[in-house]
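Please have the sequence and the model open as you read.

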Amino acid sequence: MSLGGGGPSSTERSAFQTFFDDGILIVASAGNGGSSSYSYPASYPSIMSVAATDSSDAKASFSQFNDEVDIAAPGVDVVSTVGATPAKRPQRRRSPIALTRSLSPT
C-alpha cells in the first residue's frame, strides 16, 4: 500500500501488530518526502517498509530513508500498464441454438 501522513497512532500500531501476529505481511511505501523522517504506517515495526531507488539503483531523491526501511525497490522510470490502452476483448458469440431460443415466441 502507498499511504502516508500524520504521526503514529497507538490504535493503528496495535491493529497492524495484530495482522503481523496472525501471519499477514503488510508492505507499505516508506514515503516520498525525501527525508529521514518517519512516515506511517510504513514506520511501524510490523510493516515492511519499502524505499525507492532510481534508474542507477541509488536512493531516489524523493524517497524516505530511516532505520525502519526494510527494502528498496525501483521507483523511477518503472514501466507500467497504467494508462495503457486495454486490448479489445473478443465479442461473445451466441450459439445458433441460444439465438433461436431467444427469438422464439414464448
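How many aromatic pairs does a search of the whole structure find? The search finds three; rings of Phe, Tyr and Trp (its six-membered ring) pair if their centres lie within 6.5 Å, with planes under 30 degrees apart counted as stacked, over 60 as edge-to-face and the rest as tilted. Two of the pairs are set out here.

| Pair | Centre to centre | Angle between planes | Class |
|---|---|---|---|
| Phe16 and Phe19 | 6.1 Å | 70° | edge-to-face |
| Tyr40 and Tyr44 | 4.9 Å | 55° | tilted |

This is a predicted model, where local features need pLDDT of at least 70 and side-chain atom pairs pLDDT 80 or more, while totals for chains, interfaces and linings use all residues. Residues are numbered from 1 along each chain as its sequence is written, and side-chain values use heavy atoms, without hydrogens and water.

Ring pairs join Phe16, Phe19, Tyr40 and Tyr44 into a cluster. Phe16 is buried, at 11% relative accessible area, whereas Phe19 is partly exposed at 36%; buried means under 20%, exposed over 50% and partly exposed in between (1.4 Å probe, protein chains only). Tyr40 and Tyr44 are both buried.

Phe16 and Phe19 sit three residues apart, about one turn, in helix α1 (residues 10–21). Helices are DSSP runs (H or I, at least four residues), numbered from the N terminus. After α1 comes Gly23, with a positive phi near 90°.

Methods. Helix = DSSP H or I, 4+ residues; strand = E, 2+ residues; numbered from the N terminus.
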